[in-house]
Amino acid sequence: MATGLFIAIEGGEGAGKSTQSKRISQHLEALGYEVVITREPGGTPTAEKIRSILLDPEIDDMPDQTEALLFAAARADHAHNKIRPALERGAIVICDRYIDSSVAYQGAARGLGVDRIRALSEWATGELLPDFTIYLDVPAEAGGERMDGTDRMEIQSRDFHVRVQQAFRDIAAASTQPNVVIDATLSIEQVSQAIIEKLDSILANR
Ligand code: TYD
């Protein structure tokens, strides 16, 4: 039985997810919690190898199906070998991207179907779902300005990233799981404050 708390941070490119993960982690560690910060694709040795294939800009002929299956394969390893054991120890896990990223990028933006892609990841993880999801909402244009890399996903068209952003809004609006949507164009400090207030109230009610 998992006793920890599983937090996912989602959003398009340049939303500031990794900065916020670190800030939340510092806050929770100061309160005495064991915190595991991790990210997808990746987080375990096997999943990091899969990540390097997924983000390789030299691969320009990857079928969308291969991409979807590799993200799910990386997630299966990560969920079984890192996230679930940490939760079983009672840790708080902060995961930079999780199932909703596949639903937004592969299900919606690639057009593979949101239900199918969600079902694939739920199967891959043994139905390990976040207890709480933070959606950092940033207009695709603003995120693009902060996009500094040139990996295989970042070099997709602007339209692709607009579809991703809209997909995250749709996912958050339809979600029945605990979540918060935060305007990521606010300052780093304001975004952290909003997240921490919400988290503190969740922790106080446990
Ligand atoms: P990363 O450098 O971690 O991006 P970011 O800093 O924006 O989180 O690269 C991950 C890329 O992979 C990013 O473009 C989003 C994409 N992605 C998917 O398409 N599907 C997924 O399931 C996940 C986890 C990520």
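Me: Which residues are exposed on the other side of α1?

Reply: This is a predicted model. In it, K22, Q26 and A30 are exposed on the other side of α1.

Me: Which residues of α1 are buried?

Reply: K17, Q20, S21, I24, S25 and L28.

Me: Why are they on the same side of α1?

Reply: Start with the general idea. An α-helix has 3.6 residues a turn, so residues three or four places apart point the same way. Now this case. K17, Q20, S21, I24, S25 and L28 are the buried set in α1. They cover an arc of only 135 degrees around the axis, and therefore lie on the same side of the helix.

Me: How many residues does α1 have, and what does it reach from its first C-alpha to its last?

Reply: Helix α1 runs over residues 17-30 and has 14 residues. Its reach is 20 Å, close to the 20 Å expected at 1.5 Å a residue.

Me: What comes just after α1?

Reply: G32, with a positive phi of about 100 degrees.

Me: Now R75. Where is its place, and is R75 buried or exposed?

Reply: R75 sits in helix α3, residues 64-89. Buried means under 20% relative accessible area. R75 has 2%, so it counts as buried.

Me: Which residues does R75 touch, not counting those up to four places away in sequence?

Reply: E40, Y98, I99, S102, S121 and T125. With S102, the side chain of R75 makes a polar contact of 2.8 Å, side chain to side chain.

Terms used: Residues numbered from 1 in each chain as written. Predicted model: local features only at pLDDT ≥ 70, side-chain atom pairs only at ≥ 80, totals over all residues. Heavy atoms only, no water. Helix = DSSP H or I, 4+ residues; strand = E, 2+ residues; numbered from the N terminus. Buried < 20%, exposed > 50% of the residue type's maximum accessible area, 1.4 Å probe, protein only. Polar contact = N/O pair within 3.5 Å; in protein donor to acceptor, adjacent residues only side chain to side chain. Contact = heavy atoms within 4.5 Å. Expected span 1.5 Å × (residues − 1). Arc of directions from axis to C-beta.
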